[in-house]
Each structure stands twice: as structure tokens, then as C-alpha cells.
Amino acid sequence: MPASIWLRLSNEQEASLRALIERLAGAHGTVPFQPHLTVCSPQSAASDENILKSIAEECARRVEATEFVLDHPVIVAPDGEWRNIRSWRVMRTL
């Protein structure tokens, strides 16, 4: 099964950023996900560049923190297709 390795945020920062991601996902009709930095993963099809640019610009306006601590490495795998974000599960904490 293909998997991805993420670095996750500390608890307080993760909660704050997760709330923002949930609001943006609802506003843009996308799926909320856990905030993370993907270290490596299988390649996926590219998304629409204009939509991603718009969302990135909105994030830049809304994110108050200027630094994040990524100190919780995990291995993540989907149940099926990588594009099915709802199926992503943390398989192991490193």
C-alpha cells in the first residue's frame, strides 16, 4: 500500500490551523484535512492552479502565526485512491 510521510504541528498550533482549514474548506467546497507538511508521497494529478493560488492568497491573509513547529512525524495512507482525502488515515506515529 502506498503511504506518505507527514510532519504535523504541535497541539495548539494544529488546533488553530485546523479550524482555519475547516472554514476555508467549507467556503471553497473542498475537504478539510489535518494541517501538515508532506515530506514525501506518491505523485498525484495537479489541481487547478488558479483555485490553489486563490486559496493560498486567502490563507496568507488569515494565518496569524509566522512560525510553525512541525515536530510530530507520522506515516499516512489512504484507503483506496490518494485523491480521496476523506480516506487518509495516520497509520503510524514515528
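Tutor: Let us begin with strand β1, residues 4–9, which is joined to β3 by six bridges, the two strands running antiparallel. Please bear in mind throughout that this is a predicted model.

In general, the strands of a sheet pair through backbone hydrogen bonds, and the pairing may be parallel or antiparallel. Strand β1 also pairs with β2, again in the antiparallel sense, and there four bridges connect the two strands.

Four strands make up an open sheet, ordered β2-β1-β3-β4, with antiparallel pairing. At the edges are β2 (36–40) and β4 (89–93), each of which pairs on one side only. From one strand to the next, the twist averages 40 degrees. Strand β3, residues 70–77, is paired with β4 through four bridges, in the antiparallel sense. Within that pairing, I75 has R92 in β4 as its bridge partner.

The protein chain contains two helices and four strands in all, and they follow one another in the pattern β-α-β-α-β-β. Among contacts between residues at least 6 apart in sequence, 69% join residues at least 24 apart.

L37 and I5 are 32 residues apart in sequence, yet their C-alpha atoms are 8.6 Å apart in space. Is L37 buried, partly exposed or exposed? L37 has a relative accessibility of 42%, and therefore counts as partly exposed, since that value falls between the limits of 20% and 50%.

Let us next follow the chain to helix α1. This helix covers residues 11–28, which is 18 residues, and extends 25 Å from its first C-alpha to its last, close to the 26 Å expected at 1.5 Å a residue. The buried residues of α1 are E14, L17, L20, I21, L24 and A25. They lie on the same side of α1, because the arc they cover around the axis is only 140 degrees. The other side of α1 has exposed residues, namely N11, E12, S16, G26 and A27. After α1 comes G29, which has a positive phi, near 65 degrees.

Where does E14 lie? E14 is located in helix α1, and its relative accessible area is 9%. Since buried means under 20%, E14 falls within that class. Not counting residues up to four places away in sequence, E14 touches R8, L9 and P35.

The contact with R8 has a further aspect. The side chains of R8 and E14 form a salt bridge, with a distance of 3.2 Å from N to O. The structure holds one salt bridge. Both partners are buried: E14 has a relative accessible area of 9%, and R8 a relative accessibility of 17%. For R8 the conclusion again follows from the limit, because 17% is under 20%. Over the chain as a whole, buried residues make up 20% of the 94 residues.

E64 is placed in the loop between α2 (49–62) and β3. In sequence, E64 and L17 are 47 residues apart, while the distance between their C-alpha atoms is 9.5 Å. E64 has a relative accessibility of 78%, so this residue counts as exposed.

To draw the account together, β1 is joined to β3 by six bridges and to β2 by four. The salt bridge of the structure links the side chains of R8 and E14, and E14 belongs to helix α1.

Notes. Residues are numbered from 1 along each chain as its sequence is written. This is a predicted model: local features need pLDDT of at least 70, side-chain atom pairs count only at pLDDT 80 or more; totals for chains, interfaces and linings use all residues. Side-chain values use heavy atoms; hydrogens and water are left out. A salt bridge is a side-chain nitrogen of Lys or Arg within 4 Å of a carboxyl oxygen of Asp or Glu. Buried means under 20% relative accessible area, exposed over 50%, partly exposed in between (1.4 Å probe, protein chains only). The expected span of a helix is 1.5 Å times one less than its number of residues. The arc is that of the directions from the helix axis to the C-beta atoms. Two strands pair if DSSP finds at least two bridges between them. Axes are lines fitted to C-alpha atoms, for helices over the stretch in contact, and angles run from 0 to 180 degrees between N-to-C directions. Contact means heavy atoms within 4.5 Å.
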